[in-house]
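I opened my notebook to go through this structure one topic at a time. Here is what I looked up, in the order I wrote it down.

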Amino acid sequence: MLKVGVLGAGHLGKIHLRLLQQSDKYELVGFYDENQENAERISKEFGYKNFSTIAKLIHAVDVIDIVTPTLSHYKCAKVAIKSGKHIFIEKPIANTVDEAEEIIALAKEYNVKGQVGHVERFNPAFIATKNMIENPMFIETHRLAEFNPRGTDVPVVLDLMIHDIDAILSVVNSKVKNINASGVSVISETPDIANARIEFENGCVANLTASRISMKNMRKTRFFQRDAYISVDFLEKKCEVVRMKDAPEVPGDFDMILQNAEGVKKQIYFTNPDMEQNNAILDELESFANAISTDTTPVVTLEQATDALRVAYQIIDCFEK
């Protein structure tokens with residue numbers, strides 16, 4: 001078992017602590033939180049060992065799980081990597097692309113592995129459909145959330161939309177060609193609502209909408225490709241695949257048939273791929289343990305997370321034009 005320590009014991013950090021304690025791939029050694037009053041309260045309530053300094057925690061483990069505010073990701077990762085520890089970092093990987101690129105360089109220099117917590121990669125609805133997504137040419141995403149002060153220190157693009165940016169980049173095998181976007185600040189000092197149009201060199205277009213001041217929560221993505229439409233509901237963990245094939249000469253009574261202007265008939269059929277329900281956060285953490293143990297590439301690499309961050313900042317730059 002890998003010895004692991006958690007940096008940061010806020011809302012998400014407490015979830016990581018609980019899941020790591022349950023995991024049979026890790027031995028949870030303890031945690032550090034700069035708010036010692038909060039740390040002592042959590043230690044007393046749940047029994048986790050509270051370390052008085054980051055250095056002491058890093059020295060005691062093989063893996064550091066960084067669940068601190070984004071502004072401190074780089075600092076924490078740098079200290080851990082230079083101590084020869086593998087790092088799991090919550091998304092986004094860092095506050096800036098320069099910081100992210102230095103994390104990559106340090107990980108290579110010190111020969112340690114890193115993975116970033118883009119948890120939607122482990123969503124059962126996305127896992128069930130990912131192999132069916134082949135050369136999508138139009139993608140539409142809506143990620144809407146009710147207002148929560150937590151996370152409003154960064155634009156909604158880094159808070160919410162980056163989940164969809166990463167998922168899209170993982171299935172579109174092409175470089176970004178052009179980005180147009182707009183964002184509006186309603187309550188926060190940074191944009192609360194954003195829409196972006198990403199054009200890829202292969203002709204694919206992705207239209208992304210994110211809001212953190214909506215009346216309801218929604219996390220839906222739709223992939224359109226030749227002869228197929230794939231819908232992924234990340235929130236409800238549901239998916240649907242609609243395909244078209246040449247219509248049979250003698251359709252059944254309940255077959256859905258469409259005929260285009262040229263007289264070509266197509267049959268539409270619906271499938272709901274089988275899904276294995278899971279705990280996506282536990283799965284991403286344990287997948288990293290597997291990557292370390294087998295010396296294989298993590299599911300969400302530092303490089304991939306940096307690509308997502310780079311696109312996120314290109315979107316944010318559009319707001320200021």
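**Entry 1: Arg197 and Glu199**

I began with Glu199, which is partly exposed at a relative accessible area of 21%. My cut-offs are under 20% relative accessible area for buried and over 50% for exposed, with partly exposed in between (1.4 Å probe, protein chains only). Arg197, at 38% relative accessibility, is partly exposed as well. The two side chains meet in a salt bridge, with N to O at 3.2 Å. I call a pair a salt bridge when a side-chain nitrogen of Lys or Arg is within 4 Å of a carboxyl oxygen of Asp or Glu. By this rule I count nine salt bridges.

A note to myself on the source: this is a predicted model, where local features need pLDDT of at least 70 and side-chain atom pairs count only at pLDDT 80 or more, while totals for chains, interfaces and linings use all residues. Residues are numbered from 1 along each chain as its sequence is written, and side-chain values use heavy atoms, with hydrogens and water left out.

Which residue does Arg143 pair with in a salt bridge? I found Glu120, with the closest N and O atoms 2.9 Å apart. Arg143 sits in strand 6 (residues 138–144) and Glu120 in the loop between strand 5 (114–117) and helix 6 (124–130), so the pair ties together parts that are 23 residues apart in sequence.

I then turned to His163 in helix 7 (residues 156–171). His163 is buried too, with a relative accessible area of 12%. Leaving out residues up to four places away in sequence, His163 touches Lys91, Val119, Glu120 and Arg143. Contact here means heavy atoms within 4.5 Å.

**Entry 3**

Asp307 and Arg310 form a salt bridge, their closest N and O atoms being 3.0 Å apart. They are three residues apart in helix 9 (residues 302–319), so about one helical turn separates them. I have Asp307 as partly exposed at 38% relative accessibility and Arg310 as partly exposed at 31%. Glu101 joins Asp307 and Arg310 in a network of salt bridges.

While in helix 9, I also looked up Gln314. Gln314 is partly exposed at 36% relative accessibility.

**Entry 2: Helix 5 and the helices it packs on**

How do helix 5 and helix 9 pack? Helix 5 (residues 97–109) meets helix 9 at an angle of about 170°, with the axes 9 Å apart. I take axes as lines fitted to C-alpha atoms, for helices over the stretch in contact, and angles run from 0 to 180 degrees between N-to-C directions. That makes the two helices roughly antiparallel. My labels are roughly parallel under 35 degrees, roughly antiparallel over 145, roughly perpendicular from 65 to 115, and oblique for the rest.

Among the contact residues, helix 5 gives Glu101 and Ile103, and helix 9 gives Arg310 and Tyr313. By class, I have eight nonpolar, one polar and four charged residues in this contact. Nonpolar covers Ala, Val, Leu, Ile, Met, Phe, Trp, Tyr, Cys and Pro; charged covers Asp, Glu, Lys and Arg; the others, Gly among them, are polar.

Helix 4 (residues 73–82) packs on helix 5 at about 10°, with axes 10 Å apart, and the two are therefore roughly parallel. The contact includes Tyr74 and Ile81 of helix 4 and Ile103 and Leu106 of helix 5. Its classes are six nonpolar, no polar and four charged residues.

Thr70 is in the loop between strand 3 (63–66) and helix 4. Thr70 is buried at 15% and touches Pro92, Ala94 and Asn95, not counting residues up to four places away in sequence.

Last, I looked up the largest nonpolar core, which has 96 residues. Such a core is a set of buried Ala, Val, Leu, Ile, Met, Phe, Trp, Tyr and Cys residues joined through side-chain atoms within 4.5 Å. Ile103 and Met161 are among those with the most contacts inside it. Leaving aside neighbours within four places in sequence, the contacts of Met161 include Ala194, Leu208 and Ile315.

Key. Helices (H or I, at least four residues) and strands (E, at least two) are DSSP runs, numbered from the N terminus.
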